[in-house]
Amino acid sequence: MSTGKEYLLVIASAVVAAAAVLGIVRWLAPGLLGVPLDLQLVGLDRKVPPFFENIFRREDLKSPDFIIKDPLTRVRAKPFYPDTQSMGPNDMLGFRNREIPNVVDVVVIGDSQTYGNNASIDNNWPGHMKSALTKKDVSVYNMAVGGWGAVQYLDMFTNATVFEPRVVVVAFYSGNDPLESFQMAYGVPAWAELKPNRKLTKSSAPKVPFPPPPEEWWKVKFSDGIETTFTPALRLSSNMNHVAVDAGYEIMADVARRIAEMSSSRNIKILFMIVPTKELVYAEKVHEENIVSPESYRTLVERESENIEALAAAIRSIPDAEYVDVVSPLQKAALGSTILYPADINGHPLSAGYELIGATVVDHLASHIPGKPAGLFAQMLDIGKYSLLLVNEEGVWRFKSQELIEANGWPAGDVPLIERRDLIGLVNMGYVEEIDPERFGPPEN
């Protein structure tokens with residue numbers, strides 16, 4: 001009897017051990033036991049927040065502030081912000097768009113000058129740029145946030161590549177990007193590799209009062225009746241002869257090089273521009289009308305012009321990068337009677353100023369946007385796997401067999417590749433199931 005009990009005890013122990021092993025395997029490697037993915041559980045980890053709770057973060061949606069703090073980008077804009085004409089609408093990522101596309105033709109990256117403060121979403125420069133394009137079906141996605149600088153532009157470019165853009169436009173702003181770029185590189189450990197001078201620290205930056213006190217305002221009325229208010233001391237803080245400012249401009253040039261290298265490897269055309277301060281835009285007009293200006297204004301105009309010229313030269317020297325000069329067109333327009341900026345200290349353009357910037361960008365952009373594809377193409381579905389499809393005036397068609405392709409008049413031979421971004425806006429018509437060379441065959445020459 002004792003032998004039988006011992007036998008049962010051994011069996012019971014083996015069952016318990018096997019169950020324990022299965023439990024451990026099921027916990028560590030559920031796939032080995034054939035558990036469907038949708039039935040597997042994932043432990044909650046604070047380092048990887050739940051996806052939807054992070055996207056629809058309640059504290060963001062309930063925040064009374066338009067600008068929200070962020071550990072990596074320092075600040076970001078509030079998601080789902082409503083359309084107030086001068087601001088918004090923001091999409092769920094906090095960018096100023098009516099929707100988030102899967103694929104897009106053009107991505108623009110910048111700060112509040114690109115976000116478009118003072119104008120509606122259709123009247124900021126990305127909106128005017130889209131309207132001015134002769135190819136009206138070109139899609140544009142705006143990834144700009146006020147308070148950002150070159151470091152955030154670099155960070156956003158890596159995210160922008162997800163949209164498979166043909167072109168990315170990066171807009172620097174000489175009015176505050178140098179110091180904001182310095183603060184990011186020297187104040188956020190994640191971006192320490194961008195420091196051009198290791199001897200400097202975050203505290204090396206000059207102290208800048210913001211908003212500028214009234215005693216630093218300079219109100220000007222031109223002979224044509226246009227009035228505006230300059231804040232030269234504030235803008236000089238990002239253009240003065242200072243080690244932190246010099247480092248900021250070095251960071252901007254370095255960021256341009258890094259972005260250009262990444263864009264070249266991804267077959268993305270990259271355009272850079274430098275949006276000037278309101279003060280520099282009106283400098284020639286101030287000079288022509290012999291208006292006596294304060295020393296801070298004269299110094300700003302001189303230093304900002306030199307800094308823009310140096311940064312533009314650095315950009316022009318980058319292989320495959322293209323520089324768009326918006327300074328000259330804005331200065332020329334300022335000589336006329338068009339109101340480009342508000343009469344108060346606000347340094348963001350009005351719709352007319354944004355329109356000029358957008359039109360200038362279009363002159364450089366149009367040649368990089370191809371026309372609608374037509375013909376027989378191969379689309380890569382996976383590594384080594386392709387699908388043959390026909391693009392005609394009706395939309396996109398797929399063939400069920402090689403025989404149907406040949407029966408519709410397509411000769412055997414190499415078929416050009418087509419990318420997903422080339423199919424933006426085209427209607428998926430389904431499969432070709434009949435022989436109709438006039439409809440599904442090669443176009444007549």
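## Exercises on a predicted model

In the largest nonpolar core, which has 97 residues, Val106, Ile109, Trp125, Phe172 and Tyr282 touch the most other members. Helix H9 (residues 243-265) supplies the largest share of this core, 11 residues. A nonpolar core is a set of buried Ala, Val, Leu, Ile, Met, Phe, Trp, Tyr and Cys residues joined through side-chain atoms within 4.5 Å; buried means under 20% relative accessible area, with a 1.4 Å probe and protein chains only.

The model is predicted: local features need pLDDT of at least 70, side-chain atom pairs count only at pLDDT 80 or more, and totals for chains, interfaces and linings use all residues. Residues are numbered from 1 along each chain as its sequence is written, and side-chain values use heavy atoms, with hydrogens and water left out.

**Exercise 1.** State the order of the strands in the open sheet and identify its edges.

*Solution.* Strands (E, at least two residues) and helices (H or I, at least four) are DSSP runs, numbered from the N terminus. Two strands pair if DSSP finds at least two bridges between them.
1. The 5 strands follow the order S4-S3-S5-S8-S9, with parallel pairing.
2. Strand S4 (140-144) and strand S9 (321-324) each have a single partner strand, so they stand at the edges.
3. Strand S3 (residues 106-110) pairs with S4 over 5 bridges; valine 106 has valine 140 in S4 as its bridge partner.

**Exercise 2.** Determine how helix H14 lies relative to the sheet strands and check its span.

*Solution.* 
1. H14 lies across S3, strand S5 (167-173), strand S8 (269-275) and S9, at about 150° to S9. Axes are lines fitted to C-alpha atoms, for helices over the stretch in contact (heavy atoms within 4.5 Å); angles run from 0 to 180 degrees between N-to-C directions.
2. The expected span is 1.5 Å times one less than the number of residues.
3. Among the buried residues of H14 are Tyr354, Ile357, Gly358 and Val361. Tryptophan 125 touches these four residues, among others.

**Exercise 3.** Is histidine 348 buried or exposed, and which residues does histidine 348 contact?

*Solution.* 
1. Histidine 348 lies in the loop between helix H13 (327-334) and helix H14 (351-365).
2. Its relative accessible area is 15%, so histidine 348 is buried.
3. Leaving aside neighbours within four places in sequence, histidine 348 contacts Ser112, Gln113, Asn117, Asn118, Tyr341, Pro342 and Tyr354.

Methods. Buried < 20%, exposed > 50% of the residue type's maximum accessible area, 1.4 Å probe, protein only.
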